[in-house]
Amino acid sequence: MHMVPEENDNACSILNQDTASLITSLFGLMNLFARALGGVYSDVLRKHLSLAGRLIAHFTCLVCEGIMLIVFSQINSVPSAIGVMVLFSTCVQMTEGTTYAIVPYVSTKRIGIVAGLVGAGGNAGALIWNTIWRQYVETDPSGWFWLLGIIVLCGSTLTFFIQISGESIWHACLRCKSNKDKYEM
């Protein structure tokens, strides 16, 4: 039986299913190292900036994630899209690693509850974004990635308002300023 390919007006459908599957598997493969990389990044900043360092690590990973989404929305070639997708995936997985590094400090008496809420929140967020994606992808996929990038960038600013064990990003900024004042005379 010979199958005749269907007519498809979608310019994104230039890849066969096997090639597209192989390329998209790269996103998941970043899990092998990028979550740990986010945790290590968070640990290094914690060592130098106390708990506020973990929040700074989280903020910077979120900002990079948002920027990669915006860049991805502007890509017009498959090889460039693959490279940006790998960088975006690395940022996403690193952000997950920084999130897991923050969880034990949110409520030391209720770590299990916090970890469960973080895990459930991630799944709920994925479900919500998948539903939105299914509604709008046919009309403007690039615009959707751009909008999601803007939302991630705006959401990253909320990190400035997170306080863990009495510390926030502002505490690290104040410590840096007081150390700078100490050495200037």
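Guide: First a term: buried means under 20% relative accessible area, exposed over 50%, and partly exposed in between (1.4 Å probe, protein chains only). This is a predicted model, where local features need pLDDT of at least 70, side-chain atom pairs count only at pLDDT 80 or more, and totals for chains, interfaces and linings use all residues. Residues are numbered from 1 along each chain as its sequence is written, and side-chain values use heavy atoms, with hydrogens and water left out.

Visitor: Is Ser165 buried or exposed?

Guide: Ser165 counts as exposed, because its relative accessibility is 54%. Ser165 sits in the loop between α6 (141-156) and α7 (169-183); helices here are DSSP runs (H or I, at least four residues), numbered from the N terminus.

Visitor: What is phi of Ser165 near?

Guide: Near 50°, which is positive, in a residue other than glycine. Most residues other than glycine have a negative phi.

Visitor: And what about Ser50?

Guide: Ser50 is not a glycine, yet has a positive phi of about 65°. Ser50 is in the loop between α2 and α3 and is partly exposed, at 24% relative accessibility.

Visitor: Switching topic. How many salt bridges does the structure hold?

Guide: Two, with a salt bridge being a side-chain nitrogen of Lys or Arg within 4 Å of a carboxyl oxygen of Asp or Glu. In one of them, Glu96 pairs with Arg35, and the closest N and O atoms are 2.6 Å apart. That pair links distant parts of the chain, with Glu96 in helix α4 (residues 78-106) and Arg35 in helix α2 (residues 34-49), 61 residues apart.

Visitor: Which residue forms a salt bridge with Asp43?

Guide: Arg54, with the closest N and O atoms 2.8 Å apart.

Visitor: Is Arg54 buried or exposed?

Guide: Arg54 is buried, because its relative accessible area is 8%. Asp43 is partly exposed at 40%.

Visitor: Next, helix packing. At what angle do the axes of α1 and α4 cross?

Guide: Helix α1 (residues 17-29) and α4 have axes that come within 8 Å and cross at roughly 25°. So α1 is roughly parallel to α4, a term for angles under 35 degrees. Axes are lines fitted to C-alpha atoms, for helices over the stretch in contact, and angles run from 0 to 180 degrees between N-to-C directions.

Note on methods. Helices (H or I, at least four residues) and strands (E, at least two) are DSSP runs, numbered from the N terminus. Angles under 35 degrees count as roughly parallel, over 145 as roughly antiparallel, 65 to 115 as roughly perpendicular and the rest as oblique.
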